[in-house]
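This briefing goes through a single protein structure by topic. Please keep the sequence and the structure open while reading.

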Amino acid sequence: MRARWTATALVLLGGLLAGCQVAVNGTAGLSDADRQLAAQRAQQQTAVDAALKALEQAPALQYDATLKDGAGNPATLTYRVARDGNGFGALPLEGKSVRITEPDGQLYLAADADYWKAHGLEENSTQFGAGWVHTVGSELPLDPAARLAPPKLAAELRKSLGGLGTGAPRKQKLPDGTEVYDLGGALQVTTAEPHRVTGFAPALLDPRGGPKLGAAFRVRPLAEAEIKQFHNDFNAAVDAIGQPFDGLAQASVTVLNDKLDCQDYVGSCKTTVDVSNSVVGNQPGSKPSVHIKLSVEISADSLGSQSCATEGDAAADATITMSCSVKFTLPNRTASYQVLAKPTAVAEVRSPVDANAVKAKLTTAFAALGG
């Protein structure tokens, strides 16, 4: 009996030993290089998330872009915008420096005549190039209030992160020595805390309109003292707008009831006309005014011709009376003359701006920002 039990035990032991030799499918653990890359990518993602959160919560931002001036030298353009979209400064739109003032949802541009020609406003390019023009954000490649205000920018950049930052994180040094993560050459975020966005490509915001603002923006939050200065500068910018052109409306004018009155023995002749206007294309609810320029050529046989001019403002789709005078030098003899007057009128549609009312709204808005 003892020998049988011993043999059985040996057989079982042999079976156990044989089982240890069976191959088992499995995977090897991550290599040290893989673990290091994963840790680096996690650090970069943490920095990006923190930077975008800080950007979203910023009270105001400053954007700087570089554009070559007429002589080919680099010039810096600066635009500042609060979290509510109120902003002003200059942006490089389609290779040109364009000044923008956008208070309380109203957009005003100042650009040269070539800019307006490129936008199909050949007829008005000269006058538009000499002052401010009231327009809407949809007329721009990218509306600053809708895309560059802090919470708007953060949301737009988050949507663009999907194709950025693949592979090993790439670091670089800015000119001031700050080290940043460079994601695909399109987004830069500081490697050190507090993490912040230092720059981005406008194409991230809009693949079609963004590139028209140039290749890159530098961006930073404004400190409290800078916000106060931002407010003061904004007030001055609103004062500078004056009574801008309406970039969307057009006016036609008609001269009516031409009356010519010449005084005997004096030589003065006065032309009085009624000028009616008709406005189309103005924004719903707006109350534009029409600035009318009247010129009159008055001529008389043997006395020659003289011209006079005057200007006036009328409500849209209204009629105003205008007049101007000339004086002829009469010969020292009794004579009669046939006098003719040729009046011509042109009109510009203006968007009246109540600067004090706008600045009052800015005071309320900046008080919430600490400025």
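The link of Cys262 and Cys269 is right-handed, with 115° about the S-S bond. The model is a predicted one, and every value below is computed from it.

**Disulfides**

- The count of disulfides comes to two. A disulfide is a covalent bond between the sulfur atoms of two cysteines.
- Numbered in sequence order, the bonded cysteines of the protein chain pair as 1-2, 3-4.
- In the disulfide of Cys262 and Cys269, the sulfur atoms are 2.1 Å apart.
- The two ends of that link can be read against the 20% limit for buried residues. Cys262 has 31% relative accessibility and counts as partly exposed, while Cys269, with a relative accessible area of 4%, is buried.
- Cys308 and Cys324 form a disulfide as well, and their sulfur atoms are 2.1 Å apart.
- The torsion about the S-S bond of Cys308 and Cys324 is about 55°, so this disulfide is right-handed.
- Because Cys308 lies in strand β16 (residues 304-315) and Cys324 in strand β17 (residues 319-327), the pair ties together parts that are 16 residues apart in sequence.
- Cys308 counts as buried at 9% relative accessibility, and Cys324 is buried with a relative accessible area of 8%.

**Helix α2**

- Helix α2 covers residues 32-57, which is 26 residues. From its first C-alpha to its last, helix α2 reaches 38 Å, close to the 38 Å expected at 1.5 Å a residue.
- Which residues of α2 are buried? They are Gln44, Ala47, Val48, Ala51, Leu52 and Leu55.
- An α-helix has 3.6 residues a turn, so residues three or four places apart point the same way.

**Aromatic rings**

- How many aromatic pairs does a search of the whole structure find? The search finds 11.
- One of these aromatic pairs is formed by Phe200 and Phe217, with 5.8 Å from centre to centre. The planes of Phe200 and Phe217 have 65° between them, and the pair is edge-to-face.
- Phe200 lies in strand β10 and Phe217 in strand β11 (residues 217-221), so the pair ties together parts that are 17 residues apart in sequence.
- Phe200 is buried, with a relative accessible area of 1%. Phe217 also counts as buried, at 2% relative accessibility.
- Phe88, Phe230, Phe234 and Phe366 are linked by ring pairs into a cluster.
- Arg350 lies over the face of Phe245, at 4.1 Å from the ring centre.

**Gln62**

- Gln62 is in strand β1. With 13% relative accessibility, Gln62 counts as buried.
- The side chains of Gln62 and Asp64 are joined by a polar contact of 3.2 Å.
- Not counting residues up to four places away in sequence, Gln62 touches Thr78, Tyr79, Arg80, Arg218, Val219, Arg220 and Leu222.

**Gly89**

- Gly89 is in strand β3 (residues 87-93), and at 15% relative accessibility Gly89 counts as buried.
- How far apart in space are Gly89 and Phe234, C-alpha to C-alpha? They are 8.9 Å apart in space and 145 residues apart in sequence.
- Phe234 is also one of the rings in the cluster with Phe88, Phe230 and Phe366.
- Apart from neighbours within four places in sequence, Gly89 is in contact with Thr78, Tyr79, Val98, Arg99 and Ile100. Thr78 and Tyr79 are also among the residues that Gln62 touches.

**Lys117**

- Lys117 is in helix α3 (residues 113-118). Is Lys117 buried or partly exposed? Lys117 counts as partly exposed, at 38% relative accessibility.
- Leaving aside neighbours within four places in sequence, Lys117 is in contact with Glu122 and Ser125.
- Lys117 and Leu303 are 186 residues apart in sequence, and 42 Å apart in space from C-alpha to C-alpha.

Technical notes:
Residues are numbered from 1 along each chain as its sequence is written. This is a predicted model: local features need pLDDT of at least 70, side-chain atom pairs count only at pLDDT 80 or more; totals for chains, interfaces and linings use all residues. Side-chain values use heavy atoms; hydrogens and water are left out. A disulfide is a pair of cysteine sulfur atoms within 2.5 Å. Buried means under 20% relative accessible area, exposed over 50%, partly exposed in between (1.4 Å probe, protein chains only). Helices (H or I, at least four residues) and strands (E, at least two) are DSSP runs, numbered from the N terminus. The expected span of a helix is 1.5 Å times one less than its number of residues. Rings of Phe, Tyr and Trp (its six-membered ring) pair if their centres lie within 6.5 Å; planes under 30 degrees apart count as stacked, over 60 as edge-to-face and the rest as tilted. A charge sits over a ring if NZ of Lys or CZ of Arg is within 6 Å of the ring centre and within 35 degrees of the ring normal. A polar contact is a pair of N or O atoms within 3.5 Å; within protein, one must be able to donate a hydrogen and the other to accept it, and residues adjacent in sequence count only if both atoms are side-chain atoms. Contact means heavy atoms within 4.5 Å.
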